[in-house]
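User: Hi! I am new to this structure and would like to understand the words used for it. Could you walk me through them?

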Amino acid sequence: MSSVETAARDVAPTAETDRPVIYARGLTKVYAGGNSALAGLDLEVGRGEVFGFLGPNGAGKTTAVKLLVGLCRPSAGEAMVLGAPIGDVEVRRRIGYLPEMFRYQPWLSAVEVLAYHCDLLRLPRAGRDERIGRLLARVGLSERSKDRVARFSKGMQQRLGLAVALVAEPELVFLDEPTSALDPVGRHEVREVIRGLRSEGVSVFLNTHLLDEAQQVCDRVAVIDHGRTLAIGPLAELLSGKHRLRVSVSGLEERDWIALERFGPWARDQGWAETSGVGEEEVPELVAAMVSAGGRVHAVVPTTLNLEERFLEILGEAR
């Protein structure tokens with residue numbers, strides 16, 4: 001038994017429905033010339049969840065996706081997808097993939113593009129027209145089904161790419177920046193498609209730099225940088241207890257603000273001071289410290305950090 005198969009057996013229950021659809025430990029990719037794109041990536045994705053894969057440009061996100069779908073081989077580490085080593089041919093038939101950069105033959109119509117991919121996947125011809133019609137309706141292209149790709153906007157081509165990713169009715173879908181070329185209406189429609197896939201038990205691996213999109217649809221997220229996992233978990237868990245606090249206060253001198261930095265760094269502007277990372281339980285202590293220093297507190301406005309703010313905080317802590 002290979003080390004990858006042994007690892008999967010050790011970390012996952014034997015029931016197919018209970019196993020992670022994606023499992024990776026120490027996944028590493030070093031390109032020619034010593035350029036390291038991934039440096040020991042660890043992650044697990046559960047069946048039927050929408051998993052957000054977040055990181056700055058150059059963090060290794062697209063390389064990780066290419067490894068997981070079997071388009072390139074790792075330099076080190078191990079990974080399993082749908083219970084088999086990455087690159088397994090039969091497993092690849094059960095995966096849908098929308099790459100960030102793709103191109104379809106401009107002389108083909110939307111229907112012909114989908115029919116061509118049905119041929120590539122050797123899908124039965126019985127029911128094919130119904131399947132294609134259903135997919136085009138799902139991505140909002142029914143009325144343009146006979147139009148040639150050359151007449152499609154970039155956003156429409158991205159919708160078509162999403163339909164192609166779903167043509168085999170996959171168990172696991174990799175979406176690499178699926179809404180980057182879409183307007184707000186298109187992004188909303190793609191979010192609805194993703195939610196629909198989750199309701200059908202399909203797992204979605206969402207690689208995106210649009211953090212508000214991730215916050216709206218993802219069950220769990222991973223934050224990576226320089227090819228390593230910095231944080232991973234449910235959104236509620238990553239955001240819980242993390243607050244931005246705005247305080248309207250007067251009467252404090254510079255030495256008082258230096259002392260108050262034990263609660264965190266402060267940004268001050270026109271009578272307001274702001275800090276982040278203060279837990280709810282610390283607010284009374286903070287107010288008491290300001291009053292004890294001779295300050296007059298006029299207002300305290302706590303708000304929970306959103307995903308973008310938490311993302312930047314995680315990167316800042318790591319760097």
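Analyst: Two strands pair if DSSP finds at least two bridges between them; strands (E, at least two residues) and helices (H or I, at least four) are DSSP runs, numbered from the N terminus. This is a predicted model, where local features need pLDDT of at least 70, side-chain atom pairs count only at 80 or more, and totals for chains, interfaces and linings use all residues. Residues are numbered from 1 along each chain as its sequence is written, and side-chain values use heavy atoms, leaving out hydrogens and water.

User: What is the order of the strands in the open sheet?

Analyst: The 4 strands run β12-β13-β11-β14, with antiparallel pairing. β12 (267–269) and β14 (296–304) each have a single partner strand, so they stand at the edges.

User: What makes β11 and β13 a pair?

Analyst: Strands β11 (residues 243–250) and β13 (residues 272–276) are joined by 5 bridges and run antiparallel. Leu245 stands opposite Thr275 in β13.

User: Why are α4 and α5 called oblique?

Analyst: Helix α4 (residues 110–120) packs against helix α5 (residues 128–138) at about 125 degrees, their axes 10 Å apart. Angles under 35 degrees count as roughly parallel, over 145 as roughly antiparallel, 65 to 115 as roughly perpendicular and the rest as oblique. Therefore α4 and α5 are oblique to each other.

Conventions. Axes fitted to C-alpha atoms, helices over the stretch in contact; angles between N-to-C directions.
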